[in-house]
Structures are given as structure tokens and as C-alpha cells.
Amino acid sequence: MKKIILAVLAAALFYGTAAAQSRWEETPRVGIAVEDKSSASLVNMAAIGAGDATGIGWSGYFKSGGGMDNTVNLSLGWVAYNYRQFNSISNHEIGVGFPLYDGLYLGTSLRWNPNQGTGWNAHMLYRPYQWLSIGIKGESLNSSPWMDWGVGLRPLKFSNYWGTRLTMFYDARVTNTGKFNSIATGLRIMPIDGVELYGHWDFRDDKLVTGINLSLNRFLLGGDITSAGTDSWNEGSIQTFASLKHMRSISGHQKTMVVYDTAQVITDTPRLYAAAQDFRKDPSPTRSLYEFLQDMNGLLTSPEVESVIFYNQAFQTSFSNLIEIEQSLKKLKAAGKKIYFYADTFGSTQYALAASVSDKIFMSPQGSLDLTGFGVSNLYFKDLLAKYGVNIYNFQSHEYKTAYNNLSESSMTNAQRESLEYVYGGLQAEMDRMINQGRESMLTDNLESLYSEGYWMSAASAREAGLVDELMYRDQMETWVGMRRYRVTLFSQIRHDMNYEWKAANDPTIAVIYANGNISMGNGAKGQTIGAASLADAIKNARFNPLVQGIVIRVNSGGGSALASDVIAREVALCTVGPRPKPIVISMGGVAASGGYMISAPGSKVLATPGTITGSIGVITMIPDISGLLEKLEVSVGTVTTTQSADVPNIFRPLTPQEENRIRNSVMDNYDSFINMVAVNRNMDVQAVDNVAKGRIWTGQQAMDRGLVDNMGGLDDAIELVEGLAGVKHARILEIDPGSIRFSIPGIPGALAAFLDLKPKDPLDMVPEDLRDVIEFYQTVSSYERGEALFLMPYTLEEMDLDNRD
């Protein structure tokens, strides 16, 4: 876009010097600071950047005893074309208008006439507040320039109804000789939807112009007449406009059912190249959690939406995210909107969501429902590795820190079993709550009995048990919907409404920074890994940015490097105790454990859901010893060192007792540092932290009961909380996903690759499978030679998110 703008400016200067401009016939439209819809490109090219001018319009201007003059304006996104024909003089204009950020828009255009040459114009629209708008136009800048400017006011902005319905404006001009002239002053009022009355005094011709616009969905028809002054009742205009967005309409609202068709996969972080993905119409559409929550807020405030149905939407996401989704759907229900689910098959967590919020649950007659709860099966390789001469040194701060138990133990330890049973019990209680809350009165048996027979349950059995309401094929479901006289629309094709609010440049901003994946030093990968450098820089930049009033960090991490976690935690702490402090709220996602908890603890407030896995405050590191394997293979190792510890750790020999002791001491030193940091930031006694730490994992609710979390809540709650702490309301949200983009294919831009659904090949895919296994094993083993202490939770994110056997 920048290249396009520079090209337009260069062309304007070139052609402007080639031909002098005599004069341009003016468009009678006024409202330089307020017109941002049907006539925006004709009045102020910058205003099309506000996003509501897309469409095509025609205006005819008549005068008693004379012919009719015409204008045609076409706006598509940030680009517009205008044709003007006045007094037998025709000219053309092409321009662009774009937002620098909310409330500040710039535009430029070229206007040309085959007989008179080319003129270059530069426009600006600035809205510092939701009640004040300022427009400036530099016209004919390359020859005999002049400047028009305007101001708009919304004096009733404090009113929920009238705030956007009464607008006053004033336009003026400064000529190239410095002379100041008034152009027009007037007002616009929309007493009811779809009916706009307007009037202005035109100082240029000393006349009063009054008119009316009527809008019906996407079509506008209007007209005005000179009702006083020069040529009163002898001149006027007719205007039509067809918009790509829905306007406030005189037809009222039609009862609508929205088919939400973009919830197959819900990610925790913003989607890369979202526009390209949406345009490609992915058969398994992806939505970020924040996008989904915003979608539901939009449906909540839409007066014509009376019901929402989810057709075969898998909701592949963490259990914690499903709880946040549940809360957003409950808001729809509280507003009187109906919610329906239809599925061929239901998994446990997907069904729990449907049961909690649905007015009716429908299934295909040949479908199935898996109501199985949570479970996990782990494999243990100690004896197998020993058979081949491999020994694993598992240095744990405590027995609950079990990330490497599958390599160092022969079976599940009592501590690991205790921890799992307690956490899974908490998750199961939450699932039971969801199902009972929506279905308890309809169930024919208690949940415990239903769970015992819940795997591969047929649709007929599910209905008999009271788990679902109706069995229908898709065509029968469509008939059922039709009988209720809904207008049915897909969410992916839902209408886009015009925005009548003025987005203000001075509106407060809340930065939502995502911390997703394993934690390591350096730069992370967007949406995949957390880099200490990239995340710490993002937090610091938000802290020092004067436009940002508060910060939310969305954490979804099972930990990683102890050093990297500490670097990030320090930057979080500086938001409250360092220079330019501002409130910072932690929103825990599916997992915020070990290093993920360390970076959360210094937050002003910490929120989690009952489905969050957190805690795991402990330290662990692992060093393999493959000397026995090398001996079996008759492979010898030669080592040269200058000091006694120069080769520690060395996977080719056993550790000495002194080396083992030194590493254990280092692990415990890191643990002591960890719990002291938590104690300081959570205002707890060190012993109290130690009692609930020791590597144990907790659900969000269990963690709150132990003082590790402040309150239950999701991302929306965290944003609302930080707004309160910052003393602002209705802030704009700035999403920041730190790190580099790892999704790349040489020679193909990322957006195009996303549109074509291309993915880079892993070089290991071209290696024979047996050799690939050797390479991967070597990569894993070699990573431990650095001997870095790790903050890892006992299980991977994949295990914790998928252990519900859906």
C-alpha cells in the first residue's frame, strides 16, 4: 500500500507540472469532517478509510429551467473513483483513503480533465474523541492551491440512543491568497432508524438546503431542495447509493438464525494471514479464541439475531477455552437468544459445552456420542533402556515433578498417580457441572452410570438417556428451522453493518500479548514458542508506549528454560515496580504451569478458569548416560579435558557422585529462587508457597483455593479487569503475538501460502524412517549437553489438552 501511495503522489507531481489547472467544478455535498458513508469520496477522500463508504452512488442536481448535472462515486475498500459533470464540464478523480490507526485517516487523489490538466489533492480526517471530528483538505496542491477544513460535533454523545444520531458541522476555506471564507454549517439528525433529516446554510450562495435520506438495508434514496435564500424551491438534488454494508433501515429487523460455521478449530493465539484463510474457505475453519468471543459479542448486540445454531462444529481446543466459550454463549442465552447444537457425533468435552448452553441438542439418527470423561495412559521405558545400556539421570526438585518419569521409572509412581487423580478429578467435576447445569432434569440416570456406558453410545441410546433432544437428518433439521420462519444466514457470510460510532484516536488502548508454547532464550515463533527476548521486548514496549493504558498477557505454556522464564518474569514485574508502571493482568489459558506459572506470578492480578492446568512450581533436568549402549556396540570414547569438570555433563560416561550432588544442589537452588519469587509477588509466606509447590499441578480452581491465582475468569474478564485497574472503559484492543513467523516457503509470500494452504516440508520427511529415528534421537540427546535447569510441567500441552479421549 505504501508503494501505491508513493506512486500516486509521484504521478500527481509529474502530471501536475505538465499541465496547469484552471478551476474545478465543486460538488455541492458538504460535511468535510462528518461525511464518511455514501458521499465520502466526493467530500473527503480520507473518510473512505473509516470503512463504511464501500458501494456505488449516483447524484443528480437539477435547477428550474436548466438541465441536470451528475456525479457518480464508486468506493471499494481504500480505493475510490469519482466522476463529476457540472455545467458541461466533466472531470474524473481516483484516490485512496486509509487509516493510520483508529481515528486518524489520510487520503490523496488525482483529479483530471482532458482539457484542463491534472490536480493533486491531499486529505485528512482526525477524530480525537468520539464527539469531535476534524477534516482538512488540501486541494489543487500543484497549481493555485487552497485548503478546506471542517469540524463536526456530536453534542449528545453521552446518550445511548442519540449519541450517534445528532451531528453538527461547519466547513470553511482558506484560499491561496490567505482569504478565509465560510462554506456551510448545518446538522444531521436520525430520529428513527433509516430516516435521516438534514439541513445546512450554504454561505457560498446564501441559501438554506434541507433534505431527507431513507435507507433500506443496503440501499439509500434521498433528496434535498433549496428551501430559502437564492433560488429557493427552484433547485435541488436526488441521491441513490447501494452499499456493501447494511445501514440502519426503515424496514426494521427480520428474525434471523445464524449458522455459526467457523468453530472447527479454536486457537489460543491470533491467526496468521487471517484474511487469506477466510477468503480460501477452509473446510476446517479456524478461529482464534478472541475472534470467537468478539463474534459472540457481535451476535449479542445484533437486534435481528434471535438464535444461533452450531452445525457439526468440533470446537477443537483446550478444555479451559471451552469454559470461556461456554460463558460467552451463556451471555447470549441471558439476552433471550436461542442456542442449538446439531452433530453427527459428539465427543465428551464438545458435548459438555452443548449440554451446558443449548436450548435443544440434535443428532443424526446414525450418529454416536462418547461420554467418557478424562483419562491418560503413560508408557515407561526405564527397563527397556536399561536392557540396551542407557541410564537416565532424572534430577527432580520433588517427586511430583514428573516430566521425565517415563524415561527414568519402570512404572507410574505414587506421587504421579496422586497428582493426576486429583487434577483429573477437578476437571471431571467441572465437566459434570456443565452437563448437569443444562440437562440434569432430563437425564434418566445419574452421570456416573451414564459415564460407565458412555463410550460409542448410539444416537438412539443418547436420546433415551436424555442426553439429546431430537434425532434428525440434516434435511429434516432444515425443515424444522423453516417452520419457525427464521431467515437463515451463515456466519461466514453474515452481513456487515455500518459503524455509526466515530472511532477515536484518543480512545484508551489495552495490549493483549500472547505467550504460547515452550519457553526458551532468544526469539520465539508466533503462536508456537515463547522466546524470552521477543516476549520481554513486547512487554517492555507496551509498558513504555504512552497510548497503552494496561496490559493483558495470555499465557498458554507448560514451561521451559528456567533462565528464559526468569527474564520474562522480571519484565512482567517491572510493569508494577519499574519506570512507567501500568496494570498488567495475567489470563491463563489451557496450561500455565512451571515456567508458565513463573511468568504469570508477578502480574497485578492472575485469572484462570476451572479447566486451566497450572502450578508445577518446581525444577527438573535430565541427563542420559549411553555409555552402556556404546559398550554393547563396542564403541569407545576418548576425552581430553583441561579441568576436572570440563566435560560435565557428558552423556558418554556415568556421572560421579560429586557431579550428581552438584547438579542436585543446582536444581534445589533454582527451586528456592522460584518459590521466593512466587512468595514476593503473591504476597505469601515462603513456607506457604513451598507447601503448595513441590512440583504439583493444580486446576485453576484448586490453585485459587491455595492462593496461586486471584480469581476465576477468561480473556474477556481479564480485559475488563485491566480496564478497571487502569480507570478506562471500552478500550481498543491491540493484539501482540511476539516472535518471528516460522511458516515460510522460499519464493512464496506468507499470505499467498496461507491462501493456497501450502506448508513447508520438513527435511526429515525425505530421510528413510530408520535413519530419521536416529537423527531425532541424537537431536534430543544433544540438547541435554548444555545442562540447563528446566521449569517443565509433568506432562506436555498435547497430553493435557487431549487426555479427554474425544
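How many residues lie between β5 and β6 in the hairpin that they form? There are three residues between β5 and β6. The model is predicted.

- Strand β5 covers residues 104-113, and strand β6 covers residues 117-129.
- β5 and β6 run antiparallel and are joined by ten bridges.
- Within this pairing, Y105 stands opposite L125, a residue of β6.
- Strand β7 covers residues 132-139 and pairs with β6 in the antiparallel sense.
- Six bridges connect β6 and β7.
- Y126 has I134 in β7 as its bridge partner.
- β6 and β7 also form a hairpin, with two residues between them.
- β6 therefore pairs with β5 on the one hand, since bridges between two strands count as a pairing when there are at least two, and ten bridges join β5 to β6.

**Residue P508**

- P508 is located in the loop between β24, residues 487-490, and β25, residues 509-516.
- P508 counts as buried because its relative accessibility is 16%, and the cut-off for buried is under 20%.
- Leaving aside residues up to four places away in sequence, P508 touches Q549, V728, K729, A731 and R732.
- P508 and A726 are 218 residues apart along the chain, and their C-alpha atoms are separated by 9.5 Å.

Notes:
Residues numbered from 1 in each chain as written. Predicted model: local features only at pLDDT ≥ 70, side-chain atom pairs only at ≥ 80, totals over all residues. Heavy atoms only, no water. Helix = DSSP H or I, 4+ residues; strand = E, 2+ residues; numbered from the N terminus. Buried < 20%, exposed > 50% of the residue type's maximum accessible area, 1.4 Å probe, protein only. Contact = heavy atoms within 4.5 Å.
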